[in-house]
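Start with the sequence and the model.

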Amino acid sequence: MKNLNEYLTALRTKQNMSQVDVANEFKKRGYPRITNQIVYSWESGRVRIPSDLLFVLCDILNISDIRAAFDRHEVPSLLSCLDDTGCRMVSDYADLLRASGLYEKNPPVSPTPYPPRSIRLFHLPVSAGDGQFLDSDAYDEIEVGDEVPKNATFGVTISGDSMEPQYIDGQTVWVCAQKTLNDGEIGIFYHNGEGFIKKLGHDDTHTLLISLNKKYKPRIIQEGDEFMVFGKVVG
């Protein structure tokens, strides 16, 4: 099987769905932690899609009759050593191959919905827990498509659990660089030498960096602290 991530992308494109659309369909089916960034990680080949989520993805992409792709009697050399579960998995992957259209004798040319663009993805994770400085030099220029919001100017990786359930440890978030945010907006912040993803808030006297996970207390910005806004999280 060659480049599963490529024909997963082709299947989605054939259905005229964006990665955000796919993530929303997962949420409707009871998988709230599946985001467009996770779908991107599957399609980019960085993360292999678990088999149980592959079945859900087949349903989202309207792939039916997934057992009909391989006939055991016609291809015994491929399936004779596999049990029922293994044969079922071969059939599922074969159906993906067939439905992708990548291996047709005269495959149709699928236009790219949006032209790709380059964006900075920072290696050093911003903390959703204890804090870690966002090193502005530690990044790769990566090519992205419509899975990344158009107003995003850079991406960072989350470390920790204080922004769960909306953002999880290891997730990439996309950020629009800007110097100010409104109360209630989630952004990337610098505070006393450390980088954070938090929700901005205020009380009567202080600026607050608020975690979505209730077990973490708000981080209070004191007078004289080094504080700035790197940008607003947009995806």
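Strand β8 (residues 207–210) pairs with strand β9 (residues 219–221) in the antiparallel sense, over three bridges. The model is predicted.

β8 also pairs with strand β7 (residues 194–202). These two strands run antiparallel and are joined by four bridges. G201 stands opposite L208 in β8. Four residues lie between β7 and β8, and the two strands form a hairpin.

The table sets out the two pairings.

| Strand pair | Sense | Bridges | Opposite residues |
|---|---|---|---|
| β7 and β8 | antiparallel | four | G201 and L208 |

Next, helix α2. It spans residues 19–28, and its buried residues are Q19, V22, A23 and F26. Viewed down the axis of α2, these buried residues fall within an arc of 100°, so they line one face of the helix. Just after α2, G30 has a positive phi of about 95°.

Which helix gives the most to the lining of the second largest pocket? It is α2, with four residues. Both α2 and α3 (36–44) supply at least two lining residues each.

The second largest pocket has a volume of about 270 Å³. Its lining has 21 residues. K27, T35, N36, Q37 and G235 lie nearest the pocket centre. By class, the lining splits into ten nonpolar, seven polar and four charged residues.

Conventions
Residues numbered from 1 in each chain as written. Predicted model: local features only at pLDDT ≥ 70, side-chain atom pairs only at ≥ 80, totals over all residues. Heavy atoms only, no water. Buried < 20%, exposed > 50% of the residue type's maximum accessible area, 1.4 Å probe, protein only. Arc of directions from axis to C-beta. 1 Å grid on protein atoms, 1.4 Å probe; cavity = no way out; pocket = protein on both sides within 12 Å on 5 of 7 lines; lining within 4 Å. Points joined across faces, edges and corners; volume = space filled by probe spheres on them. Nonpolar A, V, L, I, M, F, W, Y, C, P; charged D, E, K, R; others polar. Pairing = 2+ DSSP bridges.
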